[in-house]
Amino acid sequence: MTEFQVTNQNSGNTFLVRTDETVLDSLLRQGTAVPYSCRNGTCAACKATLVSGRVIYDDYDPSALTDDEIANGAILLCRAHPREDLEICAEEIDLLSNLVIQKLPCRVIELNRLAHDVMEVKLALPRDTTFQFIAGQYIDIMMRDDKRRGFSIANAPGSDLLTLHVRHVPRGRFTSHIFQAMKIRDILRLEGPLGTFFLRKDSDKPIIMIAGGTGFAPLHAILEDLFRGAEYNRPIHLFWGVRDLRDLYHRDLVESWVEEHQGVFQFTAVLSEPEATNDWRGETGWVHESVLRHYPDLSNFEVYASGPPPMIEVIRDTFPEHGLLPAQLYYDSFEFSSDTLYPAES
Ligand SMILES: Cc1cc2nc3c(=O)[nH]c(=O)nc-3n(C[C@H](O)[C@H](O)[C@H](O)COP(=O)(O)OP(=O)(O)OC[C@H]3O[C@@H](n4cnc5c(N)ncnc54)[C@H](O)[C@@H]3O)c2cc1C
């Protein structure tokens, strides 16, 4: 197996990367995390700088890495395979270096309908395993043919259960299975913990959280983790965009957090298609527009956003015009899995 040396100029660390692995997968296997999210070549979270060397790419979304960006030395670590020794510049995330990414069996122990198209799935891990993660991370569920589906862990660490909030994608292979055939005691296989969407606690900037639909799941984990700890005082404003009132699962819980953490935690629900019969008097429209109405100047905030790819894309495109620096934006884009995005040619 051919290997090339990859040197990260930011840290001075070197890694041997096999040509059959992506640079990102190899770094993760060797215990080094750099920012990443979808691992599908679509969300661009793993974009870094290629100082020297040559790579070839698996399929990726051209909007995640444009030809101009390649010409200016950008590299998409989740799709790049080395063809020579490489020098790159990428941020290494020390906090994740002690977490072991594992492949484990797990058992479905509860299935609870949270909304008409959202299922809470509770998974029990084998008794003799330790599964450590940071609130906000996700797991991949591995299907029989080794195809994967990503789901955020919706609960805070510290329990031996993992909770998912799964939205039913019409005709989606795995989510339809959950809604139509999955039973209590079924065994699944997972890989995790994955991703770098977690709260950076080394900052005191006020936080804007933006959830789209089940994008609430990782934010729920982060908030649950924060609010059960020592007294909390860094301001957070959660915006949650859904279509209609019936999609706003766990609304009572979020409103109870507002009561308990007055002056620190605010919540704004934004409905994009409210039914007239609901008599909704709150905010309507797109959730990112609501954020900008409240905070036209974002220069002093950190933004944590998770949910559908179009929501993340519009935030990435428009928020910098309102003063948000790229380093102040953290996101998990709920991209489709790679077999859906880049089906093998028949
Ligand atoms: C990091 C990460 C975290 C995620 N966390 C969550 C989570 O916590 N909760 C959750 O509900 N989802 C989450 N997702 C999205 C989830 O992985 C997809 O919805 C899931 O893969 C769909 O699988 P499927 O087999 O049902 O659909 P597929 O069989 O893969 O897709 C069938 C068709 O549906 C469309 N499609 C696929 N996915 C979506 C989608 N998300 N939205 C709209 N149309 C789609 C495609 O056009 C595709 O052709 C996450 C994704 C990522 C990358």
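Which residue in S13 is the bridge partner of Arg107? It's Ile187. Bear in mind that this is a predicted model: local features need pLDDT of at least 70, side-chain atom pairs count only at pLDDT 80 or more, and totals for chains, interfaces and linings use all residues. Residues are numbered from 1 along each chain as its sequence is written. The protein chain splits into domain 1 (3-95), domain 2 (100-194) and domain 3 (207-333), with bounds that come from an automatic or database domain assignment.

**Around the ligand**

- The shell around the ligand draws residues from both domain 2 (100-194) and domain 3 (207-333), so the ligand lies between them.
- There are 28 residues around the ligand, and Gly150, Ser152, Gly172, Phe174 and Thr175 come nearest. A residue counts as near if its C-beta atom, placed from the backbone, lies within 6 Å of the molecule or strand in question.
- Helices (H or I, at least four residues) and strands (E, at least two) are DSSP runs, numbered from the N terminus.
- By type, the shell divides into 11 nonpolar, 11 polar and six charged residues. Here Ala, Val, Leu, Ile, Met, Phe, Trp, Tyr, Cys and Pro count as nonpolar, Asp, Glu, Lys and Arg as charged, and the others, Gly among them, as polar.

**Strand S13 and its partners**

- S13 (residues 187-194) runs antiparallel to strand S8 (residues 102-115), with six bridges joining them. Strands pair if DSSP finds at least two bridges between them.
- S13 also runs antiparallel to strand S10 (residues 138-142), this time with four bridges. Within that pairing, Ile141 stands opposite Leu190.
- Look out for Pro193, which sits in S13: the peptide bond from Gly192 to Pro193 is cis, with omega near 0°.

**Domain 1 meets domain 3**

- Five residues of domain 1 are in contact with five residues of domain 3, contact being C-beta atoms, placed from the backbone, within 7 Å.
- On the domain 1 side, the touching residues are three nonpolar, two polar and no charged.
- The centres of domain 1 and domain 3, taken over C-alpha atoms, are 30 Å apart.

**Helix H6**

- Val287, His288, Ser290 and Val291 are buried in helix H6 (residues 287-294). Buried means 20 or more other C-beta atoms within 10 Å of the residue's own, exposed means 12 or fewer, and partly exposed is in between, with C-beta atoms placed from the backbone.
- Looking down the axis of H6, its buried residues fall within an arc of 155°, so they line one face of the helix. That arc is taken from the directions from the helix axis to the C-beta atoms.
- Those buried residues pack against strand S14 (207-212), strand S15 (236-242), strand S16 (265-271), strand S17 (283-284) and helix H7 (309-318).

**Residues worth a look**

- Asp146 isn't a glycine, yet has a positive phi of about 70°. Asp146 belongs to the loop between S10 and S11 and is exposed, with 8 other C-beta atoms within 10 Å.
- His250 also isn't a glycine, and its phi is positive, near 60°. You'll find His250 in the loop between S15 and helix H5 (251-260), partly exposed, with 18 other C-beta atoms within 10 Å.
- Gln180, in helix H3, is exposed, with 8 other C-beta atoms within 10 Å. Gln180 and Glu3 are 177 residues apart in sequence and 45 Å apart in space, C-alpha to C-alpha.

How values were computed: Contact = placed C-beta atoms within 7 Å.
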